[in-house]
Amino acid sequence: MKSGSRLEKVLTAGKFAVTCELGPPKNSNPQIIKKKAGYCAGKVDGVNITDNQTAIVRMSSIASGVIAMSCGLEPIMQMVCRDRNRIAMQSDILGAAGLGIRNILCLSGDHQKLGNHPEAKNVFDIDSIQLIAMVRKMRDDKQFLSGDPIKEHEPRLFIGAVANPFAGPLELRVMRLAKKIQAGADFIQTQCVFDIDRFGEWTELVTEAGLHSKVYILVGLTPVRSHKALLYMKSNVAGMSIPNELVSRMESANDAGEEGVKICLEMIEKVRKMEGIAGIHLMPIGWESITPVILERAGLLPRPEV
Amino acid sequence: MLYTENKPIEEILDCLGEEKNIFLLACNGCADICETGGQQALTTMKRELEKAGKNVSGTALVDFLCDKMLVATRLAREAKNLQKADSVLALTCGIGVQAVAKVVEKVVHPAANTVSLGGLHGLWPAEELCRACGECVLDYTGGICPIAFCAKNLLNGPCGGSQDGKCEVDKDTDCAWQLIYDRLKSLGKLDNLARIAEAKDWQQSTSLEQRKTKFTKAML
(Lines give C-alpha, C1' and ligand atoms only; values in the text may rest on other atoms or scores of the structure.)
Protein backbone atom coordinates (compact mmCIF):
# COMPACT_ATOMS: atom_id res chain seq x y z
CA MET A 1 0.00 0.00 0.00
CA LYS A 2 1.28 3.42 -0.90
CA SER A 3 -0.86 5.30 1.59
CA GLY A 4 -3.23 2.82 3.20
CA SER A 5 -6.16 5.14 2.49
CA ARG A 6 -9.64 3.72 2.07
CA LEU A 7 -9.76 5.06 -1.48
CA GLU A 8 -6.56 3.21 -2.34
CA LYS A 9 -7.89 -0.02 -0.80
CA VAL A 10 -11.19 0.19 -2.68
CA LEU A 11 -9.50 0.87 -6.00
CA THR A 12 -6.77 -1.72 -5.65
CA ALA A 13 -9.42 -4.28 -4.66
CA GLY A 14 -11.04 -3.62 -8.03
CA LYS A 15 -14.24 -2.18 -6.53
CA PHE A 16 -16.12 0.66 -8.26
CA ALA A 17 -15.12 3.70 -6.20
CA VAL A 18 -17.28 6.65 -5.18
CA THR A 19 -15.94 10.02 -4.13
CA CYS A 20 -17.74 13.30 -3.69
CA GLU A 21 -16.93 16.91 -3.08
CA LEU A 22 -17.19 19.18 -0.07
CA GLY A 23 -16.56 22.88 -0.48
CA PRO A 24 -15.37 24.56 2.73
CA PRO A 25 -17.28 27.61 3.99
CA LYS A 26 -16.42 31.26 3.39
CA ASN A 27 -16.11 31.67 7.17
CA SER A 28 -14.65 29.79 10.11
CA ASN A 29 -17.74 27.81 11.11
CA PRO A 30 -16.94 24.08 11.45
CA GLN A 31 -20.66 23.26 11.74
CA ILE A 32 -21.13 23.92 8.03
CA ILE A 33 -18.57 21.25 7.19
CA LYS A 34 -20.10 18.86 9.71
CA LYS A 35 -23.55 19.38 8.21
CA LYS A 36 -22.30 18.68 4.67
CA ALA A 37 -20.27 15.73 5.97
CA GLY A 38 -23.44 14.29 7.46
CA TYR A 39 -24.88 13.71 3.97
CA CYS A 40 -22.06 11.52 2.80
CA ALA A 41 -20.33 10.02 5.89
CA GLY A 42 -20.15 6.27 5.48
CA LYS A 43 -21.50 6.49 1.93
CA VAL A 44 -18.41 7.43 -0.07
CA ASP A 45 -14.80 6.27 -0.24
CA GLY A 46 -13.35 9.73 -0.06
CA VAL A 47 -14.38 13.34 -0.11
CA ASN A 48 -12.54 16.07 -2.00
CA ILE A 49 -11.94 19.13 0.11
CA THR A 50 -11.51 21.94 -2.36
CA ASP A 51 -8.67 24.44 -2.10
CA ASN A 52 -10.11 27.94 -2.55
CA GLN A 53 -11.93 26.79 -5.66
CA THR A 54 -12.56 29.32 -8.41
CA ALA A 55 -10.03 31.48 -6.53
CA ILE A 56 -12.56 32.46 -3.87
CA VAL A 57 -11.27 32.54 -0.29
CA ARG A 58 -12.59 29.73 1.88
CA MET A 59 -11.47 27.77 4.93
CA SER A 60 -8.25 25.92 4.12
CA SER A 61 -8.50 22.40 2.73
CA ILE A 62 -6.28 20.96 5.45
CA ALA A 63 -8.35 22.39 8.32
CA SER A 64 -11.63 21.49 6.64
CA GLY A 65 -10.29 18.02 5.88
CA VAL A 66 -9.48 17.42 9.52
CA ILE A 67 -12.99 18.53 10.53
CA ALA A 68 -14.47 16.19 7.90
CA MET A 69 -12.28 13.40 9.26
CA SER A 70 -13.78 13.93 12.71
CA CYS A 71 -17.15 13.10 11.11
CA GLY A 72 -15.90 9.77 9.81
CA LEU A 73 -15.06 10.87 6.29
CA GLU A 74 -11.80 10.26 4.49
CA PRO A 75 -10.62 13.55 2.99
CA ILE A 76 -8.92 13.98 -0.36
CA MET A 77 -7.02 17.21 0.18
CA GLN A 78 -7.00 19.36 -2.93
CA MET A 79 -3.90 21.45 -3.48
CA VAL A 80 -3.52 24.09 -6.18
CA CYS A 81 -0.33 25.73 -7.42
CA ARG A 82 -1.75 29.24 -7.50
CA ASP A 83 -1.28 30.33 -3.89
CA ARG A 84 1.83 28.66 -2.49
CA ASN A 85 5.40 28.08 -3.52
CA ARG A 86 7.23 24.77 -3.21
CA ILE A 87 8.33 25.54 0.34
CA ALA A 88 4.81 26.21 1.63
CA MET A 89 3.38 23.28 -0.31
CA GLN A 90 5.85 20.76 1.07
CA SER A 91 5.32 22.16 4.55
CA ASP A 92 1.54 21.74 4.19
CA ILE A 93 1.96 18.24 2.77
CA LEU A 94 3.95 17.26 5.87
CA GLY A 95 1.33 18.91 8.07
CA ALA A 96 -1.58 17.23 6.33
CA ALA A 97 0.04 13.81 6.59
CA GLY A 98 0.84 14.50 10.23
CA LEU A 99 -2.83 15.22 10.84
CA GLY A 100 -3.86 11.92 9.27
CA ILE A 101 -4.76 12.95 5.72
CA ARG A 102 -3.99 10.13 3.28
CA ASN A 103 -5.06 11.44 -0.13
CA ILE A 104 -4.08 14.48 -2.13
CA LEU A 105 -5.40 15.87 -5.40
CA CYS A 106 -2.96 18.04 -7.35
CA LEU A 107 -4.25 20.84 -9.58
CA SER A 108 -2.99 23.99 -11.31
CA GLY A 109 -5.86 26.03 -9.85
CA ASP A 110 -8.24 28.52 -11.42
CA HIS A 111 -6.64 31.85 -12.22
CA GLN A 112 -7.19 34.52 -9.55
CA LYS A 113 -8.82 36.77 -12.12
CA LEU A 114 -11.86 34.46 -11.93
CA GLY A 115 -12.22 34.81 -8.16
CA ASN A 116 -12.90 37.42 -5.50
CA HIS A 117 -9.33 38.73 -5.27
CA PRO A 118 -8.38 39.45 -8.87
CA GLU A 119 -5.79 41.94 -7.65
CA ALA A 120 -3.77 39.17 -5.98
CA LYS A 121 -0.32 38.08 -7.14
CA ASN A 122 -0.30 34.44 -8.12
CA VAL A 123 2.54 32.03 -7.45
CA PHE A 124 2.67 29.09 -9.88
CA ASP A 125 6.19 28.32 -8.71
CA ILE A 126 5.53 24.78 -9.92
CA ASP A 127 2.75 23.37 -12.10
CA SER A 128 0.37 20.52 -11.37
CA ILE A 129 2.57 17.89 -13.01
CA GLN A 130 5.61 19.09 -11.07
CA LEU A 131 3.46 18.99 -7.90
CA ILE A 132 2.51 15.36 -8.56
CA ALA A 133 6.20 14.53 -9.07
CA MET A 134 7.09 16.37 -5.88
CA VAL A 135 4.57 14.46 -3.72
CA ARG A 136 5.72 11.19 -5.26
CA LYS A 137 9.34 12.09 -4.57
CA MET A 138 8.54 12.88 -0.95
CA ARG A 139 6.66 9.61 -0.53
CA ASP A 140 8.66 7.11 -2.61
CA ASP A 141 12.17 8.58 -2.67
CA LYS A 142 11.87 10.05 0.84
CA GLN A 143 13.28 13.31 -0.44
CA PHE A 144 12.19 16.90 -0.62
CA LEU A 145 12.06 18.49 -4.07
CA SER A 146 15.55 19.86 -3.49
CA GLY A 147 16.88 16.35 -2.91
CA ASP A 148 17.30 16.82 0.83
CA PRO A 149 16.42 13.56 2.59
CA ILE A 150 13.28 13.10 4.68
CA LYS A 151 14.95 10.92 7.26
CA GLU A 152 11.79 9.49 8.82
CA HIS A 153 8.02 9.72 8.63
CA GLU A 154 7.81 10.59 4.96
CA PRO A 155 4.27 11.70 4.00
CA ARG A 156 2.40 8.69 2.63
CA LEU A 157 -0.30 10.06 0.39
CA PHE A 158 -2.37 8.49 -2.38
CA ILE A 159 -1.82 10.87 -5.27
CA GLY A 160 -4.62 12.15 -7.44
CA ALA A 161 -4.70 14.41 -10.47
CA VAL A 162 -7.38 15.82 -12.69
CA ALA A 163 -8.12 15.55 -16.38
CA ASN A 164 -10.42 17.70 -18.43
CA PRO A 165 -11.62 15.81 -21.51
CA PHE A 166 -13.35 18.97 -22.77
CA ALA A 167 -10.51 21.46 -22.78
CA GLY A 168 -8.36 21.89 -25.84
CA PRO A 169 -6.48 20.58 -27.69
CA LEU A 170 -7.75 17.00 -27.31
CA GLU A 171 -4.51 15.35 -28.46
CA LEU A 172 -2.56 17.26 -25.85
CA ARG A 173 -5.09 16.27 -23.16
CA VAL A 174 -4.15 12.64 -23.59
CA MET A 175 -0.41 13.44 -23.63
CA ARG A 176 -0.85 15.46 -20.48
CA LEU A 177 -2.69 12.59 -18.79
CA ALA A 178 0.23 10.33 -19.72
CA LYS A 179 2.63 12.82 -18.16
CA LYS A 180 0.59 12.97 -14.96
CA ILE A 181 0.74 9.19 -14.71
CA GLN A 182 4.48 9.21 -15.42
CA ALA A 183 4.94 11.88 -12.76
CA GLY A 184 3.25 9.65 -10.18
CA ALA A 185 -0.54 10.02 -10.27
CA ASP A 186 -2.32 7.03 -8.72
CA PHE A 187 -5.85 8.14 -9.59
CA ILE A 188 -7.56 10.66 -11.85
CA GLN A 189 -10.79 12.57 -11.37
CA THR A 190 -12.27 14.16 -14.47
CA GLN A 191 -14.02 17.46 -15.03
CA CYS A 192 -17.85 17.15 -14.76
CA VAL A 193 -19.15 15.14 -17.66
CA PHE A 194 -22.36 16.35 -19.27
CA ASP A 195 -21.31 15.69 -22.84
CA ILE A 196 -21.12 11.92 -22.89
CA ASP A 197 -20.22 11.77 -26.60
CA ARG A 198 -17.15 13.95 -26.27
CA PHE A 199 -16.25 12.08 -23.10
CA GLY A 200 -16.46 8.85 -25.10
CA GLU A 201 -14.00 10.23 -27.67
CA TRP A 202 -11.54 11.07 -24.92
CA THR A 203 -11.96 7.67 -23.24
CA GLU A 204 -11.28 5.98 -26.55
CA LEU A 205 -7.98 7.84 -26.97
CA VAL A 206 -7.07 7.10 -23.36
CA THR A 207 -7.70 3.37 -23.72
CA GLU A 208 -5.96 3.31 -27.11
CA ALA A 209 -2.88 4.71 -25.39
CA GLY A 210 -3.27 2.07 -22.67
CA LEU A 211 -3.44 4.71 -19.96
CA HIS A 212 -6.56 3.26 -18.30
CA SER A 213 -4.55 0.29 -17.12
CA LYS A 214 -1.92 2.50 -15.47
CA VAL A 215 -4.18 4.71 -13.38
CA TYR A 216 -7.63 4.61 -11.79
CA ILE A 217 -10.02 6.97 -13.58
CA LEU A 218 -13.01 8.38 -11.70
CA VAL A 219 -15.60 10.21 -13.81
CA GLY A 220 -16.76 13.58 -12.52
CA LEU A 221 -20.57 13.93 -12.43
CA THR A 222 -22.68 16.89 -11.35
CA PRO A 223 -26.40 16.48 -10.72
CA VAL A 224 -28.30 19.74 -11.28
CA ARG A 225 -31.83 20.76 -10.29
CA SER A 226 -32.52 23.43 -12.90
CA HIS A 227 -31.64 24.23 -16.49
CA LYS A 228 -30.39 27.59 -15.25
CA ALA A 229 -27.57 25.87 -13.38
CA LEU A 230 -26.50 24.29 -16.67
CA LEU A 231 -26.66 27.60 -18.49
CA TYR A 232 -24.66 29.26 -15.73
CA MET A 233 -21.92 26.63 -15.94
CA LYS A 234 -21.93 26.79 -19.72
CA SER A 235 -21.07 30.46 -19.73
CA ASN A 236 -19.16 30.92 -16.46
CA VAL A 237 -17.14 27.83 -15.66
CA ALA A 238 -13.88 27.32 -17.49
CA GLY A 239 -13.47 24.12 -19.48
CA MET A 240 -17.05 22.78 -19.58
CA SER A 241 -19.03 21.19 -22.39
CA ILE A 242 -22.81 21.13 -21.95
CA PRO A 243 -24.98 19.90 -24.82
CA ASN A 244 -28.05 21.99 -25.68
CA GLU A 245 -30.30 18.90 -25.63
CA LEU A 246 -29.51 18.49 -21.97
CA VAL A 247 -30.49 22.08 -21.25
CA SER A 248 -33.82 21.72 -23.05
CA ARG A 249 -34.53 18.38 -21.38
CA MET A 250 -34.10 20.05 -17.97
CA GLU A 251 -36.10 23.08 -19.04
CA SER A 252 -39.12 21.09 -20.19
CA ALA A 253 -39.18 18.71 -17.20
CA ASN A 254 -42.14 18.96 -14.78
CA ASP A 255 -39.99 18.05 -11.81
CA ALA A 256 -36.55 19.45 -12.64
CA GLY A 257 -34.93 18.04 -9.50
CA GLU A 258 -36.10 14.51 -10.32
CA GLU A 259 -35.02 14.97 -13.94
CA GLY A 260 -31.57 16.05 -12.77
CA VAL A 261 -31.27 12.92 -10.64
CA LYS A 262 -32.42 10.74 -13.53
CA ILE A 263 -29.85 12.27 -15.87
CA CYS A 264 -27.13 11.62 -13.31
CA LEU A 265 -28.27 8.01 -12.84
CA GLU A 266 -28.24 7.47 -16.61
CA MET A 267 -24.70 8.84 -16.74
CA ILE A 268 -23.58 6.50 -13.94
CA GLU A 269 -25.14 3.59 -15.81
CA LYS A 270 -23.29 4.53 -19.01
CA VAL A 271 -19.87 5.14 -17.50
CA ARG A 272 -19.97 1.93 -15.45
CA LYS A 273 -20.10 0.04 -18.73
CA MET A 274 -17.13 1.92 -20.19
CA GLU A 275 -13.74 0.25 -20.32
CA GLY A 276 -11.17 1.73 -17.99
CA ILE A 277 -13.52 3.58 -15.65
CA ALA A 278 -12.78 2.80 -11.99
CA GLY A 279 -15.38 4.94 -10.26
CA ILE A 280 -17.31 8.18 -10.08
CA HIS A 281 -16.70 11.52 -8.45
CA LEU A 282 -19.96 13.30 -7.53
CA MET A 283 -19.97 17.09 -7.41
CA PRO A 284 -23.49 18.24 -6.56
CA ILE A 285 -22.65 21.93 -6.29
CA GLY A 286 -24.84 23.45 -3.56
CA TRP A 287 -26.99 20.29 -3.45
CA GLU A 288 -24.99 18.01 -1.17
CA SER A 289 -28.12 16.39 0.29
CA ILE A 290 -28.76 14.60 -3.01
CA THR A 291 -25.55 12.53 -2.80
CA PRO A 292 -26.97 9.66 -0.67
CA VAL A 293 -30.17 9.60 -2.75
CA ILE A 294 -28.27 9.18 -6.00
CA LEU A 295 -25.91 6.58 -4.58
CA GLU A 296 -28.81 4.58 -3.13
CA ARG A 297 -30.77 4.65 -6.40
CA ALA A 298 -27.65 3.78 -8.42
CA GLY A 299 -27.15 0.68 -6.27
CA LEU A 300 -23.79 1.90 -5.02
CA LEU A 301 -24.69 1.51 -1.33
CA PRO A 302 -23.59 0.15 1.01
CA ARG A 303 -19.94 0.78 0.25
CA PRO A 304 -17.76 -2.34 0.23
CA GLU A 305 -15.82 -3.44 3.30
CA VAL A 306 -12.08 -3.15 2.65
CA MET B 1 19.10 46.26 -23.91
CA LEU B 2 18.56 42.60 -23.11
CA TYR B 3 21.22 40.67 -21.29
CA THR B 4 21.91 37.14 -22.37
CA GLU B 5 24.30 34.39 -21.35
CA ASN B 6 25.42 31.46 -23.47
CA LYS B 7 23.74 28.15 -22.77
CA PRO B 8 26.35 25.41 -22.15
CA ILE B 9 27.36 23.78 -25.44
CA GLU B 10 26.28 20.39 -24.02
CA GLU B 11 22.72 21.67 -23.60
CA ILE B 12 22.71 23.07 -27.14
CA LEU B 13 24.00 19.80 -28.63
CA ASP B 14 21.39 17.93 -26.61
CA CYS B 15 18.67 20.16 -28.11
CA LEU B 16 19.98 19.65 -31.63
CA GLY B 17 19.88 15.89 -31.09
CA GLU B 18 19.99 13.99 -34.37
CA GLU B 19 19.71 17.10 -36.52
CA LYS B 20 22.72 17.22 -38.82
CA ASN B 21 22.44 20.39 -40.90
CA ILE B 22 22.20 23.54 -38.86
CA PHE B 23 21.67 27.11 -40.01
CA LEU B 24 23.33 29.61 -37.68
CA LEU B 25 21.67 32.93 -37.14
CA ALA B 26 23.26 35.54 -34.87
CA CYS B 27 22.02 38.87 -33.59
CA ASN B 28 24.30 41.85 -33.96
CA GLY B 29 22.42 43.98 -31.42
CA CYS B 30 22.30 43.48 -27.65
CA ALA B 31 23.59 39.91 -28.01
CA ASP B 32 26.78 41.20 -29.64
CA ILE B 33 27.48 43.34 -26.60
CA CYS B 34 26.83 40.37 -24.31
CA GLU B 35 29.11 38.24 -26.48
CA THR B 36 26.33 35.72 -27.07
CA GLY B 37 25.80 37.05 -30.60
CA GLY B 38 27.75 39.04 -33.16
CA GLN B 39 30.39 37.83 -35.61
CA GLN B 40 32.71 36.43 -32.96
CA ALA B 41 30.09 34.25 -31.28
CA LEU B 42 28.92 33.11 -34.71
CA THR B 43 32.44 32.00 -35.66
CA THR B 44 32.95 30.25 -32.32
CA MET B 45 29.61 28.44 -32.52
CA LYS B 46 30.29 27.32 -36.09
CA ARG B 47 33.60 25.82 -34.94
CA GLU B 48 31.95 24.11 -31.94
CA LEU B 49 29.21 22.58 -34.06
CA GLU B 50 31.62 21.34 -36.69
CA LYS B 51 33.79 19.87 -33.96
CA ALA B 52 30.70 17.98 -32.77
CA GLY B 53 30.19 16.57 -36.27
CA LYS B 54 27.46 18.93 -37.42
CA ASN B 55 27.27 20.55 -40.82
CA VAL B 56 26.64 24.30 -40.79
CA SER B 57 24.52 24.81 -43.90
CA GLY B 58 24.71 28.59 -43.70
CA THR B 59 25.13 31.56 -41.41
CA ALA B 60 23.67 35.02 -41.19
CA LEU B 61 24.27 38.02 -38.99
CA VAL B 62 21.30 40.36 -38.53
CA ASP B 63 21.41 43.67 -36.70
CA PHE B 64 18.28 43.04 -34.65
CA LEU B 65 16.84 39.55 -34.67
CA CYS B 66 13.87 40.89 -32.72
CA ASP B 67 12.80 42.73 -35.87
CA LYS B 68 10.88 40.28 -38.03
CA MET B 69 11.10 42.53 -41.12
CA LEU B 70 14.89 42.58 -40.91
CA VAL B 71 15.02 38.83 -40.33
CA ALA B 72 12.70 38.03 -43.23
CA THR B 73 14.53 40.36 -45.63
CA ARG B 74 17.96 39.06 -44.69
CA LEU B 75 16.91 35.40 -44.80
CA ALA B 76 15.37 35.80 -48.24
CA ARG B 77 18.96 35.82 -49.53
CA GLU B 78 19.66 32.58 -47.66
CA ALA B 79 16.66 30.59 -48.88
CA LYS B 80 18.77 27.79 -50.33
CA ASN B 81 20.99 27.27 -47.32
CA LEU B 82 18.01 27.58 -45.03
CA GLN B 83 16.15 24.97 -47.05
CA LYS B 84 19.00 22.51 -46.52
CA ALA B 85 18.98 22.99 -42.76
CA ASP B 86 17.21 20.66 -40.35
CA SER B 87 16.91 23.49 -37.88
CA VAL B 88 18.05 26.99 -37.01
CA LEU B 89 20.24 27.80 -34.02
CA ALA B 90 19.62 31.40 -32.97
CA LEU B 91 22.35 33.29 -31.09
CA THR B 92 20.08 35.88 -29.54
CA CYS B 93 17.72 36.74 -26.68
CA GLY B 94 14.31 35.14 -26.02
CA ILE B 95 12.56 37.75 -28.12
CA GLY B 96 14.92 37.14 -31.03
CA VAL B 97 14.19 33.39 -30.91
CA GLN B 98 10.43 34.02 -30.89
CA ALA B 99 10.69 36.50 -33.76
CA VAL B 100 12.73 34.07 -35.87
CA ALA B 101 10.29 31.25 -35.08
CA LYS B 102 7.48 33.42 -36.48
CA VAL B 103 9.39 34.01 -39.72
CA VAL B 104 10.94 30.58 -40.35
CA GLU B 105 8.98 27.35 -40.75
CA LYS B 106 11.75 25.37 -39.07
CA VAL B 107 12.63 24.38 -35.56
CA VAL B 108 14.45 27.30 -33.94
CA HIS B 109 16.76 26.48 -31.03
CA PRO B 110 17.88 29.16 -28.57
CA ALA B 111 21.62 29.32 -27.91
CA ALA B 112 21.35 31.67 -24.93
CA ASN B 113 19.44 32.33 -21.73
CA THR B 114 17.99 35.79 -21.29
CA VAL B 115 18.77 36.93 -17.77
CA SER B 116 17.68 40.54 -17.65
CA LEU B 117 15.74 43.10 -19.62
CA GLY B 118 18.36 45.60 -18.57
CA GLY B 119 15.91 48.23 -17.47
CA LEU B 120 15.31 49.47 -20.98
CA HIS B 121 12.04 48.07 -22.23
CA GLY B 122 10.38 48.57 -25.55
CA LEU B 123 13.41 48.14 -27.78
CA TRP B 124 11.88 45.28 -29.70
CA PRO B 125 9.31 46.29 -32.27
CA ALA B 126 6.72 43.54 -31.98
CA GLU B 127 4.50 41.40 -29.79
CA GLU B 128 7.11 38.88 -28.66
CA LEU B 129 7.79 39.07 -24.95
CA CYS B 130 10.58 37.81 -22.75
CA ARG B 131 10.42 37.63 -18.95
CA ALA B 132 14.16 37.09 -18.64
CA CYS B 133 13.62 33.88 -16.66
CA GLY B 134 17.22 32.86 -17.27
CA GLU B 135 16.38 29.27 -18.27
CA CYS B 136 15.15 29.61 -21.83
CA VAL B 137 12.56 26.93 -22.67
CA LEU B 138 11.83 28.06 -26.23
CA ASP B 139 13.49 24.94 -27.57
CA TYR B 140 10.93 22.75 -25.80
CA THR B 141 7.97 24.92 -26.79
CA GLY B 142 8.73 25.60 -30.44
CA GLY B 143 9.66 29.24 -30.08
CA ILE B 144 6.58 30.45 -28.15
CA CYS B 145 7.19 31.40 -24.54
CA PRO B 146 4.87 29.92 -21.87
CA ILE B 147 6.54 31.97 -19.15
CA ALA B 148 5.59 35.19 -20.91
CA PHE B 149 2.29 34.15 -22.47
CA CYS B 150 0.65 31.54 -20.21
CA ALA B 151 -1.31 33.20 -17.39
CA LYS B 152 -0.09 30.48 -15.03
CA ASN B 153 3.47 30.10 -16.41
CA LEU B 154 2.72 26.42 -16.95
CA LEU B 155 5.56 24.32 -18.32
CA ASN B 156 3.84 21.03 -19.02
CA GLY B 157 0.92 21.91 -21.24
CA PRO B 158 -2.39 23.75 -20.99
CA CYS B 159 -4.52 23.88 -17.85
CA GLY B 160 -8.12 22.72 -17.88
CA GLY B 161 -9.30 26.21 -18.70
CA SER B 162 -8.05 26.24 -22.29
CA GLN B 163 -11.08 26.19 -24.55
CA ASP B 164 -11.44 26.77 -28.27
CA GLY B 165 -7.87 27.97 -28.25
CA LYS B 166 -8.54 30.75 -25.75
CA CYS B 167 -7.31 31.42 -22.20
CA GLU B 168 -9.64 31.02 -19.21
CA VAL B 169 -8.65 34.48 -18.03
CA ASP B 170 -9.86 36.27 -21.15
CA LYS B 171 -11.81 34.86 -24.06
CA ASP B 172 -10.11 37.29 -26.45
CA THR B 173 -6.62 36.08 -25.54
CA ASP B 174 -5.04 33.07 -27.18
CA CYS B 175 -4.09 30.15 -24.97
CA ALA B 176 -0.29 30.06 -25.19
CA TRP B 177 -0.32 26.29 -25.08
CA GLN B 178 -2.75 26.08 -27.97
CA LEU B 179 -0.25 28.18 -29.98
CA ILE B 180 2.61 25.96 -28.82
CA TYR B 181 0.63 22.87 -29.76
CA ASP B 182 -0.19 24.23 -33.24
CA ARG B 183 3.42 25.23 -33.86
CA LEU B 184 4.95 21.94 -32.68
CA LYS B 185 2.35 19.97 -34.59
CA SER B 186 3.17 21.82 -37.83
CA LEU B 187 6.87 21.15 -37.26
CA GLY B 188 6.24 17.48 -36.47
CA LYS B 189 7.76 18.03 -33.03
CA LEU B 190 4.81 17.32 -30.75
CA ASP B 191 6.87 14.61 -29.09
CA ASN B 192 8.82 17.39 -27.38
CA LEU B 193 5.96 17.71 -24.94
CA ALA B 194 5.98 14.07 -23.91
CA ARG B 195 8.96 14.84 -21.71
CA ILE B 196 8.14 16.23 -18.26
CA ALA B 197 9.59 19.70 -17.78
CA GLU B 198 10.90 19.71 -14.23
CA ALA B 199 10.37 22.41 -11.63
CA LYS B 200 12.07 25.58 -12.77
CA ASP B 201 15.06 27.15 -11.07
CA TRP B 202 13.67 30.63 -10.45
CA GLN B 203 17.00 31.74 -8.97
CA GLN B 204 18.00 32.51 -12.53
CA SER B 205 15.41 35.26 -12.66
CA THR B 206 15.37 36.65 -9.16
CA SER B 207 15.51 40.35 -8.59
CA LEU B 208 19.11 39.89 -7.46
CA GLU B 209 20.10 38.82 -10.96
CA GLN B 210 18.12 41.70 -12.41
CA ARG B 211 19.93 44.10 -10.13
CA LYS B 212 23.30 42.74 -11.15
CA THR B 213 22.84 43.63 -14.79
CA LYS B 214 26.09 44.25 -16.54
CA PHE B 215 25.14 47.71 -17.63
CA THR B 216 28.38 49.31 -16.59
CA LYS B 217 30.36 46.56 -18.24
CA ALA B 218 28.41 47.06 -21.43
CA MET B 219 29.01 50.80 -21.34
CA LEU B 220 32.76 50.45 -21.22
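The model is predicted, so local features need pLDDT of at least 70 and side-chain atom pairs count only at pLDDT 80 or more, while totals for chains, interfaces and linings use all residues. Residues are numbered from 1 along each chain as its sequence is written, chains are lettered from A and ligands numbered from 1 in the order in which they are written, and side-chain values use heavy atoms, with hydrogens and water left out.

Reader: How many residues of chain B are in contact with chain A?
Author: Contact means heavy atoms within 4.5 Å. On chain A, 33 residues take part. On chain B, the number is 31 residues.

Reader: Which helix gives the most to the side of chain B that touches chain A?
Author: Helices (H or I, at least four residues) and strands (E, at least two) are DSSP runs, numbered from the N terminus. The helix asked for spans residues 176-187 and gives four residues. It is α8 of chain B.

Reader: Which side chains meet in a salt bridge between chain A and chain B?
Author: A salt bridge is a side-chain nitrogen of Lys or Arg within 4 Å of a carboxyl oxygen of Asp or Glu. Side chains of opposite charge can pair when their charged atoms come close. Across this interface the rule finds one such bridge. At 2.6 Å, N to O, the partners are E171(A) and K185(B).

Reader: What is the volume of the second largest pocket?
Author: On a 1 Å grid over the protein atoms alone, a pocket is an open set of points where a 1.4 Å probe fits, with protein on both sides within 12 Å along at least five of seven lines. Grid points are joined across faces, edges and corners, and the volume is the space filled by probe spheres set on them. That gives about 660 Å³.

Reader: Which element gives the most to the lining of the second largest pocket?
Author: Lining residues have an atom within 4 Å of a point. There are 22 of them, and E11(B) and C15(B) are among those nearest the centre. With three residues, the top contributor is α1(B).

Reader: Where is P169(A) found?
Author: The peptide bond from G168(A) to P169(A) is cis, with omega near -25°. Strand β5 (158-163) lies on one side of P169(A) and helix α6 on the other. The place is the loop between β5 and α6 of chain A.

Reader: What is phi of N52(A)?
Author: N52(A) sits in the loop between β2 (46-49) and α3 (61-70) of chain A. The value is positive, in a residue other than glycine. Phi is near 45°.
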